[in-house]
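Here's a quick tour of one model, taking its nonpolar cores and then one of its sheets. Have a look at the structure first.

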Amino acid sequence: MTELAGSLVELAGRYGVAATYDDWTGGHRMVAESTLVAVLAALGVQAATEAERAAALIDHDREHWRRTLAPTVVARTGRSTSFWVHVTDGEPVDGSIQLEDGTVRTDLRQLQNDRPPYELGGRWIGEASFELPADLPAGYHRLHVDAGGVRADATLIVSPDTAALPASLGSGRTWGLAVQLYSVRSERSWGIGDVTDLTDLAVWSAAQHDAGFILVNPLHAAAPAAPMEPSPYLPTSRRFVNPMYLRVEAVPEFAYVANRGELVKARKVTQSRAKKSALIDRNAAWKSKRAALKSVYRVKRSAGRELAYAAYRAREGRSLDDFAVWCALAEKYGNDWHRWPAELQHPATEAVAAFAAKRADAVDFHRWLQWQLDDQLTGAQATAIQSGMSLGVMHDLAVGVDPNGADAWALQDVMALGVSAGAPPDEYNQLGQDWSQPPWRPDQLLERGYEPFRAVVNAVLRHAGGVRIDHVIGLFRLWWIPRGVPPTEGTYVRYDHEAMIGIVALEAQRAGAVVVGEDLGTVEPWARDYLRERGVLGTSILWFELDRDGDGGPLPASRWREYCLSSVTTHDLPPTAGYLAGEHIRIREELGLLTRDADEELAADRAEQSAWLAALRAAGLLGDDPTVPQIVSALYAYLGRTPSRLLALALPDAVGDLRAQNQPGTTDEYPNWRVKLAGPDGKELLLEDVFTHTGAAALTDVMRAQVTPARE
């Protein structure tokens with residue numbers, strides 16, 4: 001590859017775009033010029049020619065000096081933080097802070113600043129520096145400055161220095177189930193797992209097996225019209241929830257539906273069809289459930305319920321309105337807003353307002369659905385805690401959203417177009433990954449005081465005792481892939497992790513929740529240290545925990561991290577019984593996802609598994625000639641030898657399931673996110689079967705045994 005032009009490298013650096021990076025093998029790679037040009041274009045910067053780069057560099061400097069104040073200033077509690085103010089050179093500056101509670105602080109301290117002034121349009125601009133008080137409370141405040149008669153304002157985000165673990169967790173540790181909710185239906189659900197099923201799972205695991213939390217897949221909203229996207233990690237919105245998960249009968253107005261008998265019959269028909277289907281059929285389930293919910297929606301609400309609905313609408317505001325309008329538009333024009341009439345492709349147009357007014361009932365139905373979800377999820381968390389859980393429901397926050405969906409439509413000015421987020425090649429996904437999701441634009445988040453990101457984090461923590469952030473490293477840097485090229489041809493774009501992680505810490509503190517960051521894959525070593533410093537727990541998956549500084553074998557249990565959530569497997573791998581059988585290699589070989597010979601992969605996998613079996617025997621957890629259930633049990637018992645504060649048991653492991661829920665790097669080549677919970681024989685298991693499953697009871701007892709000593 002030819003050497004990159006210095007001007008292009010400098011310009012990329014100004015915008016946090018990596019011109020080189022270290023890959024998963026330790027090799028140093030240069031990014032293609034075409035990739036840098038495309039990524040900069042997605043940030044609104046033209047850089048195809050030397051002239052464009054020179055102009056862009058000058059514009060970048062001028063824009064910096066043109067600003068009186070940065071749009072967002074980020075600080076931490078207990079620490080002094082400085083910020084700059086640009087004024088006509090020599091002009092005096094006054095500043096103040098308006099706290100969230102309305103209190104005004106004026107105790108800003110001016111610092112010495114020897115930076116030379118900058119000439120801008122015949123005017124010399126000087127830079128003054130000020131220090132914020134170290135005793136500011138955590139919160140979202142406003143910073144005001146008056147510089148020579150020019151008044152400027154900025155968002156001031158003060159986050160806790162570290163997010164302390166919830167008091168409910170104490171000094172010990174706890175365990176929880178990891179569940180793909182859609183895959184676990186009960187006798188009374190509408191063909192797919194729902195919030196009531198989640199609640200019942202929480203009660204069973206807590207009351208009978210002392211579980212402290214239940215980790216559930218992202219419940220983010222999907223598009224309302226068929227075909228419904230199966231992946232919970234490619235939602236239409238992360239701000240709102242998928243109404244697929246509603247339990248119709250749990251809506252209070254259901255008791256007053258005149259044709260309740262017909263709705264019960266509809267549920268039974270839906271269940272019967274679901275039983276006959278080999279895979280989960282979201283479209284059929286939603287069609288039936290939507291019709292039933294529409295009947296419930298038409299019931300007149302009591303005066304108290306009407307007040308509660310009005311309060312919910314007022315709290316959610318414009319975001320709820322935009323989402324509901326998008327859903328109504330999608331039902332009429334399809335799930336891809338890029339294919340709608342041009343005048344409807346932005347939420348702020350007059351045509352959108354006219355549509356919303358004309359279709360007010362359709363829009364309100366989607367608002368109402370979100371209100372019901374808010375109610376039912378509130379109840380699920382409360383019941384989980386009442387049943388004895390220390391944390392309750394731990395929700396999962398996906399990396400991004402569908403580029404054609406509701407958030408991408410409503411927030412299109414804050415998202416990068418022409419690129420998608422993904423991951424570079426690594427040991428388990430050697431061709432890289434393209435997640436088909438538009439990433440946040442770092443510059444636009446800064447301009448808006450990070451409000452769109454704040455809203456997403458706040459929403460996922462509203463009904464939670466914890467949150468798992470998928471690919472948390474994406475809050476530091478994210479792999480951007482230009483449209484039309486493979487994932488291997490992307491590059492990293494940096495975010496202000498001090499702001500992003502600070503917001504997570506602030507929202508978690510307010511919610512009294514624990515934060516778990518999924519920090520697998522290619523990670524800069526310092527990033528894990530930073531997360532620990534800020535109170536964000538990491539993630540350890542047994543198969544990935546190898547002694548990479550030693551012989552490459554299993555990492556001794558004593559050397560695992562304390563501040564993390566540890567499990568044997570993850571949703572991107574087959575359940576443990578399937579992994580032991582080499583299912584992860586078989587699938588990738590069939591789909592052409594391996595970059596080396598399958599025999600080599602199998603040989604390496606057998607050697608790794610043999611090493612783990614030896615480690616289990618050395619720990620006294622496994623005998624000779626073990627059965628698969630005995631190996632699975634020993635692997636989970638091994639987690640108990642680690643210092644990890646949170647331990648997770650995958651529900652498919654509890655019942656001996658073999659099939660993977662997801663194969664990264666595929667879409668329709670494998671039935672991702674459509675696999676029902678089943679036993680080793682492949683026969684579907686209902687929730688009621690789980691409650692009486694001897695294998696599940698045995699493995700949950702193994703988990704309870706790992707945390708009981710820490711509680712005494």
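This is a predicted model, so let's start with what is packed inside. The largest nonpolar core runs to 180 residues, and Trp-368, Trp-480, Trp-543 and Tyr-636 have the most contacts inside it. Helix α7 (residues 303-333) is the top contributor to this core, giving 11 residues.

Who surrounds Tyr-636, once its neighbours within four places in sequence are left aside? Its contacts include Ser-567, Val-568, Thr-569 and Thr-576, then Ala-648, Leu-649, Ala-650 and Asp-653, and also Leu-699, Val-702, Met-703 and Gln-706.

There's a second, separate core as well, with 21 residues, among them Ala-75, Val-85, Ala-128 and Leu-136.

| Core | Residues | Some members |
|---|---|---|
| Largest | 180 residues | Trp-368, Trp-480, Trp-543, Tyr-636 |

Four strands make up an open sheet in the order β18-β17-β20-β21, paired antiparallel. From one strand to the next, the twist averages 45°.

Zooming in on one pair, β20 (residues 477-482) and β21 are joined in the antiparallel sense over four bridges. Here Trp-479 sits opposite Tyr-492 of β21. Helix α2 (residues 33-42) packs on the sheet and touches β17 (419-423), β20 and β21. The direction of α2 makes about 105° with that of β20.

Key. Residues are numbered from 1 along each chain as its sequence is written. This is a predicted model: local features need pLDDT of at least 70, side-chain atom pairs count only at pLDDT 80 or more; totals for chains, interfaces and linings use all residues. Side-chain values use heavy atoms; hydrogens and water are left out. Two strands pair if DSSP finds at least two bridges between them. Helices (H or I, at least four residues) and strands (E, at least two) are DSSP runs, numbered from the N terminus. Axes are lines fitted to C-alpha atoms, for helices over the stretch in contact, and angles run from 0 to 180 degrees between N-to-C directions. Contact means heavy atoms within 4.5 Å. A nonpolar core is a set of buried Ala, Val, Leu, Ile, Met, Phe, Trp, Tyr and Cys residues joined through side-chain atoms within 4.5 Å. Buried means under 20% relative accessible area, exposed over 50%, partly exposed in between (1.4 Å probe, protein chains only).
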